[in-house]
Structure formats: C-alpha cells, structure tokens
Number of protein chains: 2
Amino acid sequence: MRKILIAAFVSALSGVAAADEPITLRGMGSFHIGGRIAEVTGKETRMIVRQPGGPQTKYDPNGQFMVEQMYVQYFLPQSRKGKYPLLMWHGGGLTGVTYESTPDGREGWLNMFIRKGWDVYNSDAVERGRSGFASPDVWPSEPTFLNYQDPYERFRIGQGEGSWNSDPAKRRPIPGTQFPVEAYENYMKQSVPRWLSTDEPIIAAYVELVDKICPCVMLAHSQGGAFGFKVAEKRPDKIKAIVAIESATAGIVANAPKLKDVPVLMVFGDHVDEHPRWAAFKKIDLAYADAIRAGGGKVDVVNLPERGIKGNSHMMMQDRNNAEIADLIQKWLVDQKMAD
Amino acid sequence: MRKILIAAFVSALSGVAAADEPITLRGMGSFHIGGRIAEVTGKETRMIVRQPGGPQTKYDPNGQFMVEQMYVQYFLPQSRKGKYPLLMWHGGGLTGVTYESTPDGREGWLNMFIRKGWDVYNSDAVERGRSGFASPDVWPSEPTFLNYQDPYERFRIGQGEGSWNSDPAKRRPIPGTQFPVEAYENYMKQSVPRWLSTDEPIIAAYVELVDKICPCVMLAHSQGGAFGFKVAEKRPDKIKAIVAIESATAGIVANAPKLKDVPVLMVFGDHVDEHPRWAAFKKIDLAYADAIRAGGGKVDVVNLPERGIKGNSHMMMQDRNNAEIADLIQKWLVDQKMAD
C-alpha cells in the first residue's frame, strides 16, 4: 500500500503518467447543457402497443418536454498541464464512448489525455447516448439504424464493400489494419441510432458548451468535425486550437477566414485516398484548410502513412497504435503552446 | 504543487476522502456487455422522411443489427476499502447519470462511494443512454416520453398532482424538501425515453454483468430494484449484499428465499406513506422483505424520517443531504463486513 502510494507520488512529480500508473483527479463529474422545453399541443391521443403482445392503450403525446440537451462528462487531473480544457466530440452514430476504453479493453484517448494533464470534457451530441432524444411529435423525422456490417466495410477496417462476412473467419480485413478486429462486436455495441434532422440543435448545444467551458481546445472526429468547425466559426475567439480527426466534411468555406487565429491540425489515417467516400471527405477538408490559409490562418495536415504510421482506420482513437497518435497530437498541441 | 500532493498522500493514508480532496484511481474505463445480433429479414423497404421538409426516401430496414447490449463505466480507487465491487443500477427513464453530479452540481453517490474506497461499476440499462436502442423492426413497441412536470408531481418533489406550474415561482414543492428544486430543469435533462417491453433483455444484460464482475454488492434505485432483485434471485451466490433505494416493486415472492444469505437494506425517503403510488410500491417491497425473512434471510428497512432524516424525495441520491444518506448506507455495508 505505502509502496504504491510512493510510486504514485514519484510519478506525479516526474511527468506524464503511463497506463499502469494511477490517475489522480482534482475533480470529476457531469452535467447537461442546452436544451429547450418543447410544447406539444393539439396532437390526438393515440393508441400504442406498450408491450409486445399486449393491448393497444391510450397515449397522450401532449404536454411540455425537455428536449435537445447535451450530456457532458468531465475529468480534471490533479497535475494540470493543458493550458485550456480539451473538448472531445465524437462522430456520427456514436457517443463519447468513442474516447473511452477501446473495444478490446485498452485505454482510449480520454484516459491518455487526462494522463497528459488535460482537463477533458467528453460529450454525447444531442440525441445520442445520455443526451436522450425527443419524440416524433417534436422531431418530424425518424432515427436511422446502422447495419452490423456497415462500419466494417466503410470505416477502412475491412477491404470495402463485400469484405464483411457474418463468419469472422471469412471477413477480409485490410492487411495490416490497426483496428482490433477481434473486438469488432464490442465496437458495434458502442453504436447508437441517429437522426438526420438534428444538426441545428446539435450545433446549438455545442455552442452553449463552448460558452460555458472555453477558451478551450477542441478535438473532433468525423461528423463531430463538421459540427466542430461550424461551432468554431461562431466562436473563433473561444477556440484556441482544433484537432480534426478525419473530419467528415468541414465548416462553411466562406466562414473559414474567421479561424485565422485558430491553429488547426487535420489527421488522416491510412488508405484514405483509395476509398472514394473518404477521399471525397478529405478533399472537402483540404479545401476548407486552403480557405483558412487564404484568410491568414494556419492548418497542419498529417497523413499518418506519410509519417510511417500505417494501417489506421477511421476509428484511429481505438486502433492498436492509438497511443502513438495521441502522442503525435500532444506534440502538435505543445508546439502550439497549448500545453507544457 | 508539492503541497497538494503531500496533502493527497496524507489523506490517502488517513481514510475516506472528502469532496475537496483528489480522487486517485488505479484505473477507469468502460465496456458494453450482453446484447445479441438481431436479423431483420423480409421487411419491406419503406419510405421515410430523413430531414424535416425533405423528401421521402427509401429505407431498407433489413440486415443484421447489434441490439440489447448494456453500457458500463467503472472507476477503481487506488485505496480500495470495499471487499467487493459496487454495482450501481438506476431507475426508470434515467441512466447512470443518476449517480453522477447532482442537478445543482454537487457530488453524487458515484464520487462519494469511489471516495469511500469502492470499485464502482455504473451502468445504463439496455435501451437507456449509452446502451443504444433497437429499431421498431426489432422491438414491436414504442418508446414512451416523460412529461416535463411528471417527476415533479410524482417523485415527492412537489406536493403531488397539481403542484406543478410552468412558472417556477408558482410551483408547490413539499415544504422542507431536500431536492434541489432550483435545478429541476437540469434534473429533467437527465431523463431519457424508455420502452415498456424490454424487461427481459434488460435483466439478461444485468445477469451477464453480474457473471463478469461479481461477487459484488448491488445498489439499485426504483425500477433498478425490481430488476436487481430478479437478477439476485438468478445469481444469489454472486450478490453479497443489496441496497435497494425505494425499489419500485421487488423480486418474485416465491423466489425470495433464494436470498437467504444476501443481506438486504431497503431505504425509503420522506412522505412515502402519504402518496398512494409510493405506499403501494413500499407495501410490495415489504412483502418481499417478509418473504426473504421467512426463508431465513435478513432485511433491514430504514425509513429515513424515523431516523430524523426529513424531506427526502424519490431521488435521494441527488437530494441536498445525499452525503448523509451515503454515510448511512456505508455504515450498513461496513456492519455487513462488506468494507473496512
């Protein structure tokens, strides 16, 4: 006991903590932000089936409902090295779980960046995960559900369309993939339904988060990047740096010059150019990067394979070499004077 | 810096950590457990509206989908005092957020029990929060949505039906309520939709969690208690103690004797007997307690007002005196030799 504590004490003095060292927090907690009270009136009482095989029973959809709020969980390391809080925004059909333990049970970027001394705020976008979702009487659209095989074929885990098989032995992963393919089932357990009509409330809640927590650094993945750049355009003074991980579309090109004082790092994994969908997203991202530069700003683009880092999927924060990529991001953040 | 660390060091040696002291973890992370792959076949492709005002577009609901998994987040304190892990199970229409920061931003039971030295596993039941939910093609029932005012009138925050008003100044809280009424809006942001047809997969996932993590102690609230007792009946050798917070119904009376070696604490807040709904639940709980006792088991029932602890709502883990109730639970657990 005493030995362990002394080890913790020494490591806390010496610098960045490794995975087998304790994490010491000066605080941790959660909150919901944003949202509004939706008034549903004039809807007819309808009959719904509440239990399979059960009778149709009356359901009154009218009343006031709390909707469009966003869940945020935070961890504040005792030994703070980040100059600003670090906001982590996940991609489409996912939640903040993206940054927690990897599907095969290793540490994710949440733990890694806490260990690097960042106050981390990890959120579930509106209508995802612990943010809850609104009824069809409030949102006139339906959620969509992701096929079990979809990300395997699409996220550069397997070799594109047709690489999936329900028999794991017959799947065709990309040779040398860094994704922990043996834990693909666990990855799919992280998937949540999503609506396609909620961009506006999602962005509104993120703006409220920025107004509450920032100045800050934003780390955004995939769809989260598309939201992130748009939010940054609205609050360029509050976002001190952006790390965009395979942002799936970016901001509005005409607004890009607003980010002239916000250093941006764009990170792309392996095989992006060979997959039309990802090549198209990257083209959009790079055009946005050019627009930021044209406005006097600065964007660094890292194509991991060009740095000799091979095999990364769209879910690089969960890939086997996620620590190596976290280190690369940290080095860039230190270079931008965002952390000691 | 050195001063803070020495303070942490000393407090870790001296006992239970208070809210302003750091939390030192030997590990933290998350996983999903349970679930199954649902095959949807033979459903007709249908037209859905994906964006409000947008066109109807084709949606193919067929394929394989990962469904009915459960999200679990865990925190492992460096200074472990609980003999077993502590599982926290939330109530209906809620998630594990129940045990995190209170709606008014104080520490919740998650932090408190970590500080008391418990390895805590906090979960979102199947179809709640980060567990995701299945499509109508998999679950032939609809989610239900809670009115903004419902818990105010029902959870013994306000004085029952009619005590709600959309103008906070005109609401009628129970005099002396411990619930942080000024933060009621934040509480409702924690609310998530729920299905009424998912008891079976919820229980199945909880059983898988118990098989993975236990022997353990279970702390369950409201609907979580109804699940908890049924799970304990299936795994009486793995559940070492149960703390049931206003369990909303209990287990199956005929199975109660299976819990003869599992000490149970039932905790009830204030004004329970004056509210027919809560009085009815309590009656069911006490009958179940009697059935456990008749089978040779042991149940302790604490009515908080009889201990001089007044004003507690159904959400006592978020009430202003939540630390006092946590201490009462901890004392009982120590008495059962579940912790040092």
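First, some conventions. Residues are numbered from 1 along each chain as its sequence is written, and chains are lettered from A and ligands numbered from 1 in the order in which they are written. Since we have a predicted model, local features need pLDDT of at least 70 and side-chain atom pairs count only at pLDDT 80 or more, while totals for chains, interfaces and linings use all residues.

Let us begin with chain A, whose secondary structure comes to eight helices and 10 strands, where helices (H or I, at least four residues) and strands (E, at least two) are DSSP runs numbered from the N terminus. Its C-alpha atoms fill a box of roughly 65 × 55 × 50 Å along the principal axes. Of its 340 residues, 53% count as buried, meaning that 20 or more other C-beta atoms, placed from the backbone, lie within 10 Å of the residue's own. Of the contacts in chain A with a separation of 6 or more, 71% are between residues 24 or more positions apart; two residues are in contact if their C-beta atoms, placed from the backbone, lie within 7 Å.

Now to the place where the chains meet. The contact takes 58 residues from chain B and 57 residues from chain A. On the side of chain B that touches chain A, the largest share, 11 residues, comes from strand E1 of chain B. That strand and strand E1 (residues 23-40) of chain A pair in the antiparallel sense over three bridges, a pairing being counted if DSSP finds at least two bridges between two strands. Within it, A:Leu25 stands opposite B:Ile23.

How are the two copies related? Chain B can be laid on chain A with an RMSD of 0.0 Å by a turn of 180° and a shift of 0.0 Å along the axis, superposing by least squares on the C-alpha atoms of residues with pLDDT of at least 70 in both. The two copies are therefore related as by a two-fold rotation axis. The same surface serves both, as 98% of the contact residues of chain B recur in chain A.

Finally, look at helix H5 (residues 199-213) of chain B, where the buried residues are B:Pro201, B:Ile202, B:Ala205, B:Tyr206, B:Leu209 and B:Val210. An α-helix has 3.6 residues a turn, so residues three or four places apart point the same way. The buried residues of H5 of chain B pack against several elements of chain B, including helix H6 (223-234) and strand E8 (239-245).

How values were computed:
A residue is buried if 20 or more other C-beta atoms lie within 10 Å of its own, exposed if 12 or fewer, and partly exposed in between; C-beta atoms are placed from the backbone.
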